[in-house]
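Thank you all for coming.

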Amino acid sequence: ESIMTRREIRELIFKMVFRVEFHNEEEIPEQLRLFMDELDTADDKDRAYIEHKVEDILAHLAEIDEIINSSATNWKTSRMAKVELTLIRVAVYEIKYEEDVPTGVAINEAVELAKVYGEDNSASFVNGVLARIA
């Protein structure tokens with residue numbers, strides 16, 4: 001059984017995917033390695049899961065952004081704040097590619113993290129975009 005909650009795991013995935021916005025593609029494997037080195041709270045199973053999921057999200061990023069751009073009418077990914085964009089990307093990945101995550105949970109978790117890491121209106125923005133996608 002995992003020693004971390006799903007929310008803690010999701011939060012770490014968000015933080016790692018967030019880093020992508022600040023580094024070139026070539027630097028990402030190294031960033032992922034550094035990030036995993038700093039994780040003292042995760043056991044091997046959690047680490048493997050986090051690493052796999054981050055890599056899979058990044059592998060699907062173009063498709064994920066395509067989904068976001070086709071449903072966010074006047075907000076393109078290029079104009080979104082990085083926190084909101086990252087949370088929306090992670091949730092869209094969960095909605096479209098993860099059978100075991102209910103859509104409502106994916107949206108709710110993104111909204112909760114938006115309250116922690118975003119601005120005042122981040123939660124409602126994230127909720128609105130994801131509601132249109134779902």
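Which residues do ring pairs link into a cluster? They are Phe 14, Phe 18, Phe 22 and Tyr 117, where rings of Phe, Tyr and Trp (its six-membered ring) pair if their centres lie within 6.5 Å, planes under 30 degrees apart counting as stacked, over 60 as edge-to-face and the rest as tilted.

Please keep in mind that this is a predicted model, in which local features need pLDDT of at least 70, side-chain atom pairs count only at pLDDT 80 or more, and totals for chains, interfaces and linings use all residues. Residues are numbered from 1 along each chain as its sequence is written, and side-chain values use heavy atoms, with hydrogens and water left out.

The structure holds 4 aromatic pairs. One of them, Phe 14 with Phe 18, is tilted, at 5.9 Å centre to centre and 40° between the planes; both residues lie in helix 1, 4 residues apart, about one turn of the helix, helices being DSSP runs of H or I, at least four residues, numbered from the N terminus. Phe 14 counts as buried at 3% relative accessibility, whereas Phe 18 is partly exposed at 23% (buried means under 20% relative accessible area, exposed over 50%, partly exposed in between, with a 1.4 Å probe and protein chains only).

Phe 14 also forms a tilted pair with Tyr 117, at 5.0 Å and 50°. Phe 14 lies in helix 1 and Tyr 117 in helix 6, so this pair ties together parts that are 103 residues apart in sequence. Tyr 117 is itself partly exposed, at 28%.

Notes
Helix = DSSP H or I, 4+ residues; strand = E, 2+ residues; numbered from the N terminus.
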